[in-house]
Amino acid sequence: MAQQDVVGILTWRKGERFSEPDYLRRLVVAGQKLGAKVYLFSHQDVNVAERKIRGFTPTKAGGWSSKWYAWPDVVIDRYRRRVPQYMRLRHSKLFTFANSPFSKKWRVTLMLAKDERVSHWIPESSVYAPGKVKAMLKRFPIVYIKPGNGTGGRSILKVKAAGRQYVLSGRDRLSALHQATLKTAEGVEKWVKRWVKEQQLGDGNFLVQQGVDLGVLPNRVADVRVLIQKDEQGDWSVTGCGVRVGEKGSSTSNLHGGGKAVPFQPFLAAVFGKERARTITSEVVQLAHQTAVTLEERFGRMMEFGLDIGVDVDGRPWLIEVNPKPGREVFREIGDMDTYERAIARPVQFALQLLR
């Protein structure tokens, strides 16, 4: 009998609590259906001396069962916390990883802004320092201040020049909404300085970024989540796109913050008309492919990216953010279960392709 391929999925765990348990459960099951032996493990589960791993798999009752498993042939990294034990394991030579380590989001943004193949899709960005916001407000009517290592739309502040005043809105680390109206750019600087100090996550920098007018719907922000993944041949392929529409008055579109997901093509066609929607779609796909290729050149082998792309009121796409360990809930939210299932299976398909 042919030996089964063994795929390990590296993730955070405490006891039997995992980060993103629902997705990881589905990922293990998808791998098993493809004929592989798949299990979850964390940094504390590695027995180097005996070359075995304490692995976890989902039970039918909804819990987890654990036992010692053979050393994995390939590892998919889904660890999302930069704790020292994980970092040591990640940079060791113990495993063959399907995806390489990635840099902090703000470094990636600045790196892409310098690459002429993708720079025309990147809003102007710089690391936050006193005076930066005021300087950018002289040139752009909207400016965003965002954490360089944040996630889920939290701690992002939007500053919009409205007549002779400035309207500020953002969600804090706990997703609570904050709003203010200020008369002067100096007042904005002071407010932002306090925000950055209160909202800082660990040692993370903040970015000041040219705001893009994503208000294609009245008083709402909408952006596109594009999932690009390696397929079973190992080629980059856009798995799917969904639009996230923020709740009224919110500065971001994140689903955590009350946003809702809608299908991509019908949304674009309703806003821009069918013909223009086709042109925008092909540019979005081109942007996704070029970004994936550029990042892979820089960081080594990667297997998937979630790209947040803003389409402005003129129909121009902008790359807002790149996530190397993306969610795929947007497809479930819009009811596109075929794309959702494919999005789950692809990482394991690619991992198995590597072993061939």
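In this predicted model, the largest nonpolar core comprises 35 residues, and those with the most contacts inside it are Leu 112, Leu 295, Phe 305 and Leu 307. Two or more residues of this core come from each of the following elements: helices H3 (105-113), H6 (264-272) and H7 (274-299), together with strands S15 (222-230), S16 (236-245), S18 (304-311) and S19 (317-323). The most is given by H7, which supplies eight residues. Leu 295 is in contact with Phe 102, Val 108, Met 111, Leu 112, Gly 300, Phe 305 and Val 322, when residues up to four places away in sequence are not counted. Another core lies apart from the one described above and has 29 residues, including Phe 18, Val 28, Val 74 and Phe 350. In soluble globular proteins, nonpolar side chains tend to be buried together.

The packing of helix H1 (residues 21-33) on helix H9 (residues 337-355) was also examined. The axes of the two helices come within 9 Å and cross at roughly 65°. Because angles of 65 to 115 degrees count as roughly perpendicular, H1 and H9 are therefore assigned to that class. The crossing of H1 past H9 is right-handed. On the H1 side, the contact is made by Asp 22, Tyr 23, Arg 26, Leu 27, Ala 30 and Gly 31, and on the H9 side by Tyr 340, Glu 341, Ile 344, Ala 345, Pro 347 and Val 348. Sorted by class, the residues in the contact of H1 with H9 are eight nonpolar, one polar and three charged.

How values were computed. Residues are numbered from 1 along each chain as its sequence is written. This is a predicted model: local features need pLDDT of at least 70, side-chain atom pairs count only at pLDDT 80 or more; totals for chains, interfaces and linings use all residues. Side-chain values use heavy atoms; hydrogens and water are left out. Axes are lines fitted to C-alpha atoms, for helices over the stretch in contact, and angles run from 0 to 180 degrees between N-to-C directions. Helices (H or I, at least four residues) and strands (E, at least two) are DSSP runs, numbered from the N terminus. Angles under 35 degrees count as roughly parallel, over 145 as roughly antiparallel, 65 to 115 as roughly perpendicular and the rest as oblique. A crossing is left-handed if the near helix is turned anticlockwise from the far one by less than a right angle, and right-handed if clockwise. Contact means heavy atoms within 4.5 Å. Ala, Val, Leu, Ile, Met, Phe, Trp, Tyr, Cys and Pro count as nonpolar, Asp, Glu, Lys and Arg as charged, and the others, Gly among them, as polar. A nonpolar core is a set of buried Ala, Val, Leu, Ile, Met, Phe, Trp, Tyr and Cys residues joined through side-chain atoms within 4.5 Å. Buried means under 20% relative accessible area, exposed over 50%, partly exposed in between (1.4 Å probe, protein chains only).
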